[in-house]
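Please read the points below with the sequence and the model open beside you. They are meant for someone who has not seen this structure before.

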Amino acid sequence: MSDAMKGVLAMVLACTIWGLSPLYYAMLKHIPPLEVLSYRSLWSLVFFAGVLIVQGRFGLVFGALNSLRRYGLILAAALLISGNWFGFIFAISFGHAVEASLGYYIFPLVAVLLGRVLFQERLGPAQWVAVALATAAVMVLTLGLGVPPWIALWLAGTFGGYGVLKKRLELGPVVSVTAEVLVLAPLALMWIALMGTGAGGGNPLGTHILLMFSGLLTGTPLILFAYAARRLRLSTVGLLQYLNPTLQFLCATLVFMEPFTIWHGIAFPLIWVGLAIYSVSSVRQDRAARRAVVAG
């Protein structure tokens with residue numbers, strides 16, 4: 001099997017795990033979202049630390065935290081990713097899985113806009129059209145439902161901000177995320193000690209096993225994603241990532257039977273068309289760049 005095919009399989013598996021994760025978090029609805037987040041952070045730390053210890057690289061985590069500037073970036077990234085995790089857990093717990101899937105559909109277009117604003121990355125006409133369609137979709141939902149899709153905007157915004165900070169951190173993905181959950185660990189332990197009554201208040205062993213599984217569920221797709229990203233073109237990674245929100249959307253509508261209004265029926269196709277335009281543009285840019293390299 002070629003490296004590219006291995007990368008595709010790893011990416012599909014990672015996105016499938018992410019896309020079906022609502023089914024897992026739905027089993028933890030009886031636990032307050034902040035408590036689920038705290039356990040997720042701690043068990044993720046156990047998972048990532050174990051991986052780095054086996055690799056003999058755990059010392060890199062402390063090396064990443066020995067600079068005040070880098071510590072500040074890691075702390076900010078940790079707060080953003082924990083905010084994103086909390087938003088997703090909250091959405092599943094309170095019946096907003098459709099909006100959560102919308103957030104991850106919007107994210108690529110938010111990332112494009114952030115790149116333009118923060119890094120002066122040039123946008124072509126097709127990319128501007130894609131951003132405009134996403135904006136129109138948000139406006140449709142706001143006007144139709146009488147309230148902005150706050151959860152979707154929160155998920156897209158926090159993940160977009162997280163991506164911005166990760167561009168400034170010259171660390172490998174596992175080392176970086178381990179450092180992030182490490183700085184979150186004291187807050188997670190404090191919350192469980194002071195407020196944690198759900199999992200520790202007489203619930204069966206199955207609940208504790210589910211909470212432990214959150215570390216594996218968080219870490220495995222990230223490692224698969226990192227493996228795929230090293231073997232695939234960026235445009236391929238971007239296209240395959242849409243499998244994640246698509247599976248989330250199917251979980252929300254077919255499994256959780258969440259309402260899908262006429263306004264969703266207008267907004268989601270706008271997003272899908274915008275993503276299609278953006279994807280085609282990205283593939284063309286990638287091919288043009290490769291032709292330029294070959295010609296040079």
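This is a predicted model: local features need pLDDT of at least 70, side-chain atom pairs count only at pLDDT 80 or more; totals for chains, interfaces and linings use all residues.

1. On the pairing of H4 and H7: helix H4 covers residues 68–93 and helix H7 covers residues 150–167. Their axes are 9 Å apart and the packing angle is about 155 degrees. Because an angle over 145 degrees counts as roughly antiparallel, H4 is described as roughly antiparallel to H7. The crossing of H4 over H7 is left-handed.

2. On the residues of that contact: H4 contributes Leu 73, Ala 76, Ala 77, Leu 80, Ile 81, Gly 83, Asn 84, Gly 87, Phe 88, Phe 90 and Ala 91. From H7 come Ile 151, Trp 154, Leu 155, Thr 158, Phe 159, Gly 161, Tyr 162 and Leu 165. By class, the contact of H4 with H7 holds 14 nonpolar and 5 polar residues, and no charged ones.

3. On Leu 153: this residue is also in helix H7. Apart from neighbours within four places in sequence, Leu 153 is in contact with Val 138 and Pro 148. Val 138 is 15 residues away from Leu 153 along the chain, and the two C-alpha atoms are separated by 8.7 Å.

4. On the core: the largest nonpolar core consists of 81 residues. Those with the most contacts inside this core are Tyr 25, Leu 28, Ile 74, Phe 88, Leu 102 and Ile 271. Phe 88 is also one of the H4 residues that make the contact with H7.

5. On Leu 102: which residues does Leu 102 contact, leaving aside neighbours within four places in sequence? They are Leu 141, Pro 149, Ala 152, Phe 268 and Ile 271.

6. Ser 279 counts as buried because its relative accessibility is 9%, and the cut-off for buried is under 20%. Not counting residues up to four places away in sequence, Ser 279 touches Leu 239 and Tyr 242.

7. On Met 257: this residue sits in the loop between helix H11 (243–255) and helix H12 (262–295). Met 257 is not a glycine, yet has a positive phi of about 55 degrees. With a relative accessibility of 62%, Met 257 counts as exposed.

Definitions and conventions. Residues are numbered from 1 along each chain as its sequence is written. Side-chain values use heavy atoms; hydrogens and water are left out. Helices (H or I, at least four residues) and strands (E, at least two) are DSSP runs, numbered from the N terminus. Buried means under 20% relative accessible area, exposed over 50%, partly exposed in between (1.4 Å probe, protein chains only). A nonpolar core is a set of buried Ala, Val, Leu, Ile, Met, Phe, Trp, Tyr and Cys residues joined through side-chain atoms within 4.5 Å. Contact means heavy atoms within 4.5 Å. Axes are lines fitted to C-alpha atoms, for helices over the stretch in contact, and angles run from 0 to 180 degrees between N-to-C directions. Angles under 35 degrees count as roughly parallel, over 145 as roughly antiparallel, 65 to 115 as roughly perpendicular and the rest as oblique. A crossing is left-handed if the near helix is turned anticlockwise from the far one by less than a right angle, and right-handed if clockwise. Ala, Val, Leu, Ile, Met, Phe, Trp, Tyr, Cys and Pro count as nonpolar, Asp, Glu, Lys and Arg as charged, and the others, Gly among them, as polar.
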